[in-house]
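Here is a short briefing on one structure. Look through the sequence and the 3D view before reading on.

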Amino acid sequence: MTTGAQTPRSPARPPRSRLRTFLPLGVAAWLVLEIWLLVVVAGASSGFVVFLLLVAGVVLGSVVIKAAGRRAFRNLTETLNQQQPGTPPEAARPNSEGNGLMMLGGLLLILPGLISDALGLVMLLPPVQKAVSRYAQRTFERRLRDASPGTLGDAFRQARMQRPDGKVVQGEVIRDDPDDTPQDPRPPLTR
C-alpha cells in the first residue's frame, strides 16, 4: 500500500503525428516487399544468384561510401588550407556538394534487398542528387521560417511542458555558505 497522492495524468494525450503512425507500417511493408522480391528472384534463377547480388550490393555500397568520404575529407582539408586570416572565402567548388547523398546511396546499396539497391543506384545519379538536394533545402528553409524564435532552453522548457513526468519530490533546500552563521535551529520536518 502506498501513501500519498496519485501522479496526475494529463486528461488528453496530444495526437500522434502522421509520421509516427505510418512509419512503422511503411518499414514493415518495405521489409515484406524486399523478402518477397528476393524469393521471386531466387525462384526464377537460383539462391546463389541472389547471394551474389546481395554481396555485390555490399561491395559496391562500401566503395561508394569510401569514395564519398575521401572526397568530403579532401574538400575539407583544401578549404581549411586555403583559408587565410582576413581573406574572403572562395566560391564553392563544383564537386564539393553531394557527398552526403552519395553516402546515402551507398548505404542503400549496402542494405540487403533489391529495392534498396535500385534506390541506391538511382541516388548516385547527379540529376537525382540535385533534385533531392533542392527539395531538402526548400523543406529545411520552410521549417526554419515556420519555427518560433527562441533559445534552446525555451525549446526544452516547451517540450517539458508538453510531456511532464508529473513527479514532485518533496524536499528542503539547504545552502551551506561559509559566512552563514546559524541563528536558531530549524524546525523539524513533519509530514
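What percentage of the 191 residues of the protein count as buried? The share is 13%, where buried means under 20% relative accessible area, exposed over 50%, and partly exposed in between (1.4 Å probe, protein chains only).

This is a predicted model: local features need pLDDT of at least 70, side-chain atom pairs count only at pLDDT 80 or more, and totals for chains, interfaces and linings use all residues. Residues are numbered from 1 along each chain as its sequence is written, and side-chain values use heavy atoms, with hydrogens and water left out.

**Overall build**
- The protein has 6 helices and 0 strands; both are DSSP runs numbered from the N terminus, helices being H or I with at least four residues and strands E with at least two.
- Along the sequence, the pattern reads α-α-α-α-α-α.
- Take the contacts (heavy atoms within 4.5 Å) between residues at least 6 apart in sequence: 61% of them join residues at least 24 apart.

**Surface**
- F48, F51, L52, V55, V59 and V63 make a nonpolar surface patch of about 560 Å².
- Patch residues have over 30% relative accessible area and no salt bridge; like charges are joined within 9 Å, and nonpolar side chains (Val, Leu, Ile, Met, Phe, Trp, Tyr) within 5 Å.
- A salt bridge is a side-chain nitrogen of Lys or Arg within 4 Å of a carboxyl oxygen of Asp or Glu.
- V55 sits in helix α2 and is partly exposed, at 34% relative accessible area.

**Helix α3**
- Helix α3 covers residues 99–110, 12 residues in total.
- From first C-alpha to last, α3 reaches 16 Å, close to the 16 Å expected at 1.5 Å a residue; the expected span is 1.5 Å times one less than the number of residues.
- Its buried residues are N99, L101, M102, G105, G106, L108 and L109.
- These buried residues of α3 pack against α2 (47–82), α4 (114–123) and α5 (126–146).

**Two single residues**
- Q129 belongs to helix α5 and counts as buried because its relative accessibility is 11%.
- Beyond its neighbours within four places in sequence, Q129 is in contact with G98, L101, M102, M123 and L124.
- A42 belongs to helix α1 (residues 18–44) and is partly exposed, with a relative accessible area of 26%.
- Setting aside neighbours within four places in sequence, A42 contacts G47 and V50.

How values were computed. Accessible areas come from the Shrake-Rupley method with a 1.4 Å probe; for residues, only the protein chains shown count as cover.
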